[in-house]
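Open the model in your viewer and keep the selection tool at hand.

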Amino acid sequence: MSWVDGQPADGLPVHDRGLAYGDGLFETIKVIRGEPELLDRHLGRLGRGCRRLAITCDLQAVRQQVIAFSAALETGVAKLMLTRGDGRRGYGPPPDSRPRVILLGAPLPDYPAEHFQHGIRLYPCATRLAEQPALAGLKHLNRLEQVLARSEWQDPLFAEGLMCDTSGRVIEGVFSNIFIVESNRLFTPALERCGVAGVMREEILSRAGQAGIDAHVVDLPRERLLAADEVFVCNSLYGIWPVRQLEAGVWPVGPLTRKLQHLLTDLSSNT
């Protein structure tokens, strides 16, 4: 199932700048019984990305397309891509470009229940995230760093990979954000230099604050991660997965991780 600008379609114009240059943004939205989860957060991030990239976007029109697409999809994953639209040859954005909205539907991923219940192992990726503050936090269409990182392992014992920046700071998973717990306090890496500011990360920080959990956004050296009391990763499709091992580092599924899983039980992604 796929739509382009609100109409069923199975192809794109070859001059689309998203194809040529990765000139655009995307959101991966979980849809349950026709309802797109965390839609306000997804569209909020999309709007921030459009402003940063100077892409003119009618977010209300995009919202209506996502809602209609989700109703038709019923249950699954809606991948929303917004490109700058068609353009001439060359990097310079044409002044008269018209953004294009692409929606792709797919089944929900069949993640093992033990990832949620008992935790996962992280693969230590050698691929480093380049530091580029102008793009930091955005979910832009160029994901080649993640493609390289995910190609590093095939062993199914590893459910995710850990990615650091070129200075060695812990940033995120290949397709997730990461948190650690120290003395019942919550910490997640700062993303001003690189990385994707995930909507589930944002939701967890918000709910932690409401629950009186002390939460901080910090620079996170790898050594501090390995010394943490608890570690978990998160994204909008699966909620929270505890991390039980990264190389020599081993962690229990701790009480604060379980509490945060419980705080998200109203979302179907956290089951």
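The stops below are taken in order, and the model they refer to is predicted.

**The largest pocket.** Begin with the largest pocket, which holds about 650 Å³ of space. Select Phe26, Thr28, Lys139, Phe175 and Asn235: of the 32 lining residues, these are the closest to the centre of the largest pocket. Next, colour the elements that give two or more residues to this lining; among them are strand S3 (24-32), helix H2 (39-53), helix H5 (144-150) and strand S13 (230-235). Colouring the lining by class shows 15 nonpolar, 10 polar and seven charged residues.

**The second largest pocket.** Move on to the second largest pocket, with a volume of about 340 Å³. Its lining has 23 residues, and those nearest the centre are Leu135, His140, Asn142, Arg143 and Glu145. Select H5 here, as H5 contributes the most to the lining of this pocket, with three residues. By class, the lining of the second largest pocket splits into 10 nonpolar, eight polar and five charged residues.

**Threonine 188.** Now select strand S11 (residues 185-189), where threonine 188 is found. Is threonine 188 buried or exposed? Threonine 188 counts as buried because its relative accessible area is 0%, and the cut-off for buried is under 20%. Show the neighbours of threonine 188: beyond residues up to four places away in sequence, it touches Ile178, Phe179, Arg201, Leu205, His216, Val217 and Val218. Finally, zoom in on isoleucine 178, whose backbone oxygen lies 2.7 Å from a polar atom of the threonine 188 side chain.

Terms used: Residues are numbered from 1 along each chain as its sequence is written. This is a predicted model: local features need pLDDT of at least 70, side-chain atom pairs count only at pLDDT 80 or more; totals for chains, interfaces and linings use all residues. Side-chain values use heavy atoms; hydrogens and water are left out. Helices (H or I, at least four residues) and strands (E, at least two) are DSSP runs, numbered from the N terminus. Buried means under 20% relative accessible area, exposed over 50%, partly exposed in between (1.4 Å probe, protein chains only). A polar contact is a pair of N or O atoms within 3.5 Å; within protein, one must be able to donate a hydrogen and the other to accept it, and residues adjacent in sequence count only if both atoms are side-chain atoms. Contact means heavy atoms within 4.5 Å. On a 1 Å grid over the protein atoms alone, a cavity is a set of points where a 1.4 Å probe fits but cannot get out, and a pocket is an open set with protein on both sides within 12 Å along at least five of seven lines; lining residues have an atom within 4 Å of a point. Grid points are joined across faces, edges and corners, and a volume is the space filled by probe spheres set on the points. Ala, Val, Leu, Ile, Met, Phe, Trp, Tyr, Cys and Pro count as nonpolar, Asp, Glu, Lys and Arg as charged, and the others, Gly among them, as polar.
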